[in-house]
Amino acid sequence: MGNLTAHGGGFAPHGLGAVLTATVGVVFAFGRTEIVAVAAAECPDPGRAVARATRQIVWRILVFFLGSVLLVVAIVPWPQISGGESPYVTALDRIGVPFAASAMSAVILTALMSVLGSTLYASSRMLHTLAGHGDAPRWAAAPRRAVLLGTVVGCGAVAAQAVSPGRTFPFLLDSTGAVLVIMYLGIAVSQFVLRIRTERTEPERLTFRMWGFPYLTVLVVLALSAVLCSMLFTAQTRPQLLMSLGSLGVVLVARILTRGRRRTGELRFVNTVR
């Protein structure tokens, strides 16, 4: 464990600011765990399914994400990790695992296919829900059309990457880098407000109570706010924050423009539309 404390200046050698800056990339790479709640809502008993899925995702993050990173840093001193090679490949080569690069390529390809499927599901399901509530064109309430639209957008991103490989990914990273942080911040604030409101009015609806409330929720809000503040005062991440705010601004403007045309009352979901 000397690699965690002795080599290259010890733990967090570049200070807390570097840790906060790296958090944005980590959220971008390992985000979208909220898809679990979207999928669990399709189950016959959503309350129990969400509780079980939440516990499983927490343990999986601790074991597969944090645990694997801890092993990599323990095996290879971080100054020896090159940006041109996967840290996992470097660690596997260090302990003598044969065909490490090929094995990691297979793992990455499998992970990418999994992300593609889950993202397509989540985007089409969200579009279907928004259309059902009148917040998106009504034709998008048809599941087939929602999936088709998500597929077209995904293919457009692949085409853009093929045409301009050096600019597409940096643009997507800059324009969405802070969006996930802001989204998680909104989820934490909403959970805080709705939890208190539900406890006062309908406590019987709280079938799954988050432990550590309200202290853990407040801690998450403060941590995410610190990440956004660090992005604002860091030259490297300031463009990501500004472009992400621009992306959110476009969504808010579109929401304001379409709000006047929204039909009164909640629309019935068009699950049988073909």
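1. Helix α6 covers residues 100-132, and its 33 residues should span 48 Å at 1.5 Å a residue; the end C-alpha atoms are 48 Å apart, in agreement with that value. The expected span is 1.5 Å times one less than the number of residues. Helices here are DSSP runs (H or I, at least four residues), numbered from the N terminus.

2. This is a predicted model, in which local features need pLDDT of at least 70 and side-chain atom pairs count only at pLDDT 80 or more, while totals for chains, interfaces and linings use all residues. Residues are numbered from 1 along each chain as its sequence is written, and side-chain values use heavy atoms, with hydrogens and water left out.

3. The buried residues of α6 are Ala-100, Met-104, Ala-122, Ser-124, Leu-127, His-128, Ala-131 and Gly-132. Buried denotes under 20% relative accessible area, exposed over 50%, and partly exposed in between (1.4 Å probe, protein chains only). These residues of α6 pack against α3 (35-40), α5 (87-94) and α7 (143-163). After α6 comes Gly-134, which has a positive phi near 85°.

4. One salt bridge is present in the structure. The term requires a side-chain nitrogen of Lys or Arg within 4 Å of a carboxyl oxygen of Asp or Glu. The partners are Glu-199 and Arg-195, with their closest N and O atoms 2.8 Å apart. Both belong to helix α9 (residues 179-201), where a spacing of four residues separates them by about one helical turn. Glu-199 is partly exposed at 33% relative accessibility, whereas Arg-195 is buried at 10%.

5. A cis peptide bond links Phe-213 to Pro-214, with omega about 0°. Pro-214 is located in the loop between α9 and α10.

6. Within helix α10 (residues 215-232) lies Ser-230, which is buried with a relative accessible area of 11%. Beyond its neighbours within four places in sequence, Ser-230 contacts Leu-20, Thr-21 and Thr-237; a contact means heavy atoms within 4.5 Å.

7. Trp-59, in helix α4 (residues 46-75), is exposed at 61% relative accessibility. Trp-59 is one of the residues of a nonpolar surface patch, together with Val-58, Leu-62, Val-63, Phe-64, Phe-65 and Leu-66, with about 720 Å² of accessible area in total. Patch members have over 30% relative accessible area and no salt bridge, like charges being joined within 9 Å and nonpolar side chains (Val, Leu, Ile, Met, Phe, Trp, Tyr) within 5 Å. Areas follow the Shrake-Rupley method with a 1.4 Å probe.

8. The protein chain has an average pLDDT of 78, and 86% of the residues score at least 70; pLDDT is the predictor's confidence in each residue, from 0 to 100. Over residues 263-274 it stays under 50, and the model has 21 contacts there beyond four places in sequence. Where pLDDT is low, the predicted coordinates should not be read in detail.

Notes. Helix = DSSP H or I, 4+ residues; strand = E, 2+ residues; numbered from the N terminus.
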